[in-house]
Amino acid sequence: MDYTILEILSLAEDHRVKFHYGIDHYAMVRAIYYTHIKNEFQGASTIAQQYVRVISNRYERTLIRKFREQLLAVLITRCFHWEEIAAAYINTAFLGSGMYGYDSFLKRKKILEADLSMIDKVRLVARLKYPEPLQDKIRWSSKMRVRVANIQSKIVKM
């Protein structure tokens, strides 16, 4: 897998991935503050936690699930480098109707890995947050435009 995709993923989903061991305490404090003080939901999951969620297929919104994710994320980051976890996540994540993982995405979109442009890579990472639906593609396209622009602005700041 192209290392650029992993870098884009870290910028988009977990920019402190190189500095923590599966749990981003700063993101947790921020998420608690926004959720309980400002009444705005914000996530705090690291790439490792998102990978655990995907492979365990557990999506319920409970503290027990979150604690399990964090524990497993800490354990896998002790054994694997962040790039290995990120690649495994992209290779298994749901990216849209009938697309589970990177290879499935390339096959469905009829794109060769070598032909992926920078914008294709950003759109691929954006699908992790907004997988392509079967219906209501206008609403999805609008969300994707915003997400892609947000990720691109983070790349420019690098």
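Helices here are DSSP runs of H or I with at least four residues, numbered from the N terminus. The model is predicted, so local features need pLDDT of at least 70 and side-chain atom pairs count only at pLDDT 80 or more, while totals for chains, interfaces and linings use all residues. Residues are numbered from 1 along each chain as its sequence is written, and side-chain values use heavy atoms, with hydrogens and water left out.

Let's start where helix 3 ends: Asn 57 follows it, with a positive phi near 55°. Helix 3 itself is mostly covered, with 8 of its 10 residues buried (under 20% relative accessible area, using a 1.4 Å probe and protein chains only). Among the buried ones are Ile 47, Tyr 51 and Val 54. Their cover includes helix 1, helix 4 and helix 5.

Now look at helix 4. Helix 3 (residues 47-56) packs on helix 4 (residues 63-79) at about 115°, with the axes 8 Å apart; axes are lines fitted to C-alpha atoms over the stretch in contact, and angles run from 0 to 180 degrees between N-to-C directions. That makes the two helices roughly perpendicular, a label for angles of 65 to 115 degrees. Residues in contact (heavy atoms within 4.5 Å) include Tyr 51 and Val 52 of helix 3 and Leu 72 and Ile 76 of helix 4.

Then there's helix 1 (residues 3-13): 9 of its 11 residues are buried, so it is largely enclosed by the rest of the structure. Those buried residues, including Ile 5 and Leu 9, pack against helix 3, helix 5 (82-92), helix 6 (102-109), helix 7 (118-129) and helix 8 (137-156).

Terms used. Angles under 35 degrees count as roughly parallel, over 145 as roughly antiparallel, 65 to 115 as roughly perpendicular and the rest as oblique. Buried means under 20% relative accessible area, exposed over 50%, partly exposed in between (1.4 Å probe, protein chains only).
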